[in-house]
Amino acid sequence: MTLSGVHVPLITPFDADGRVALDALRRLADDVLDEGAAGLVALGTTGEPGSLTEAERRAVVDLVAGVCRERGVPLTVGASTAEALAALDPSEVTAALATVPPFVRPGEAGVVAHFAHLAALSPVPLIVYNIPYRTGQHLSAGALRDLAAVPGVAGVKHAVGGIDADTVALLADAPADFAVLGGDDLVISPLLAMGAHGGILASANVVTAGFADLVDAWRTDPARARALANALAPLSDALFAAPNPTVVKGVLHALGRIPTPAVRLPLLPAAPETVRAALSALDRLPVPVAG
């Protein structure tokens, strides 16, 4: 299994009473697949899983699993502990997105040992979420290759905040059968140009077709890919001008695609002017937008 293309980490919409709006989540899941998403991610950080109850998390996974089953696309679920992994149904879940342990900074050898332990327990392959500006733990290209050699580790969501020397080294000689998926929306285009397989992109909740086209263009028409990347980058920049997914939710609500822009604490809704700036960037895009 090598995941590729655009995988959308779905937001969790809330209704006016603060409950999870499952009907809106279903519509959003269908919309992004109609627009070209290769797969869906449930309970990624964009979905605010830490603010959901266990019953809500289960309801979200069950709904998204049903959509993926009907549409024949892979489902990735955010799960970073042995307990969360044990709850996954391998008949419905393709992979688990597991974050590098945050805060403790165990060192590269500790990270590799941690994922070897989780992979041995997990009923599904793991995608390592490498995001050092949140976890505090940097991983070198060598450590990422060590992770790729662990049975049951199928790829990495690579979100290091830019294109660093280890990113260059990894993609210059990427391990076989190991998916490198970009996780920083603003720099997804150079990652694709260097050979990344796709991305897990919050911005694709808003304009899935544009990012799906970007992946295809880097495979077939680099000139078109560069032009499309230059058009998409200002939107991603605007969507991350406040903590994710607050601006994404504000834009989706303004487009009538979710019932409210609500988020749960510790997040606060994006300021109206921030949402307006993102909508303005969206208006300038030369690609279709659902709504």
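This is a predicted model: local features need pLDDT of at least 70, side-chain atom pairs count only at pLDDT 80 or more; totals for chains, interfaces and linings use all residues.
Let us start with aspartate 221, which is partly exposed, with a relative accessible area of 31%. Aspartate 221 forms a salt bridge with arginine 224, and the closest N and O atoms of the pair are 3.9 Å apart. Arginine 224 is partly exposed as well, at 38% relative accessibility. Elsewhere, salt bridges with shared partners tie Arg26, Asp30, Asp34, Glu70 and Arg71 into one network.

Across the whole structure, a search finds 16 salt bridges. Another of them joins glutamate 54 to arginine 57, with 3.0 Å from N to O. These two residues are 3 apart in helix H2, so about one helical turn separates them. Glutamate 54 counts as exposed at 52% relative accessibility, while arginine 57 is partly exposed at 23%. One further example pairs arginine 19 with aspartate 17, whose closest N and O atoms lie 3.1 Å apart. Aspartate 17 is exposed, its relative accessible area being 63%.

Now for a charged residue without such a partner. Aspartate 184 sits in the loop between strand S7 (179-182) and helix H8 (188-194). It is buried yet has no salt bridge, and the nearest side chain of opposite charge, that of arginine 134, is 7.8 Å away. What does the side chain of aspartate 184 make a polar contact with? The partner is the side chain of tyrosine 133, at 2.6 Å.

Arginine 134 leads us on to the open spaces of the model. The largest pocket has a volume of about 740 Å³. It is lined by 34 residues, and the closest to its centre are Thr45, Tyr129, Ile131, Arg134 and Asn244. Two elements give two or more residues to this lining: helix H5 (132-135) and helix H10 (222-239). The largest share, 3 residues, comes from H5. Sorted by class, the lining of the largest pocket has 16 nonpolar, 11 polar and 7 charged residues.

The second largest pocket has a volume of about 420 Å³. Of the 19 residues that line it, Leu43, Arg57, Gly78, Ala79 and Ala84 lie nearest its centre. H2 gives the most, with 4 residues. The lining divides into 10 nonpolar, 6 polar and 3 charged residues.

The structure holds 1 cavity of 30 Å³ or more, and about 40 Å³ of space lies in the largest cavity. Around this cavity you will find Leu10, Ile11, Thr12, Leu25, Val41, Ala42, Leu43, Gly47 and Val60. Leu43 was also named among the residues nearest the centre of the second largest pocket.

Next, take a look at helix H10, which holds alanine 229. This alanine counts as buried, at 12% relative accessibility. Alanine 229 and leucine 186 are 43 residues apart in sequence, and their C-alpha atoms are 9.0 Å apart in space.

Our last stop is the backbone. Most residues other than glycine have a negative phi, and most peptide bonds are trans. Where does the backbone of this model have cis peptide bonds? One joins asparagine 244 and proline 245, with omega at about 5°. Proline 245 is placed in the loop between H10 and helix H11 (246-254), and Asn244 is one of the residues closest to the centre of the largest pocket. Another cis bond runs from leucine 265 to proline 266, with omega near 15°. Proline 266 lies in the loop between H11 and helix H12 (272-283).

Positive phi values turn up in loops as well. Phenylalanine 103, which is not a glycine, has a positive phi of about 75°. This phenylalanine belongs to the loop between S4 and helix H4 (108-121), and it is exposed, with a relative accessible area of 77%. For aspartate 177, phi is near 60°, again a positive value in a residue other than glycine. Aspartate 177 is found in the loop between helix H7 (165-172) and S7, and it is exposed at a relative accessible area of 64%.

Technical notes
Residues are numbered from 1 along each chain as its sequence is written. Side-chain values use heavy atoms; hydrogens and water are left out. On a 1 Å grid over the protein atoms alone, a cavity is a set of points where a 1.4 Å probe fits but cannot get out, and a pocket is an open set with protein on both sides within 12 Å along at least five of seven lines; lining residues have an atom within 4 Å of a point. Grid points are joined across faces, edges and corners, and a volume is the space filled by probe spheres set on the points. Buried means under 20% relative accessible area, exposed over 50%, partly exposed in between (1.4 Å probe, protein chains only). Lys and Arg count as positive and Asp and Glu as negative; His and the chain ends are not counted. A salt bridge is a side-chain nitrogen of Lys or Arg within 4 Å of a carboxyl oxygen of Asp or Glu. A polar contact is a pair of N or O atoms within 3.5 Å; within protein, one must be able to donate a hydrogen and the other to accept it, and residues adjacent in sequence count only if both atoms are side-chain atoms. Ala, Val, Leu, Ile, Met, Phe, Trp, Tyr, Cys and Pro count as nonpolar, Asp, Glu, Lys and Arg as charged, and the others, Gly among them, as polar.
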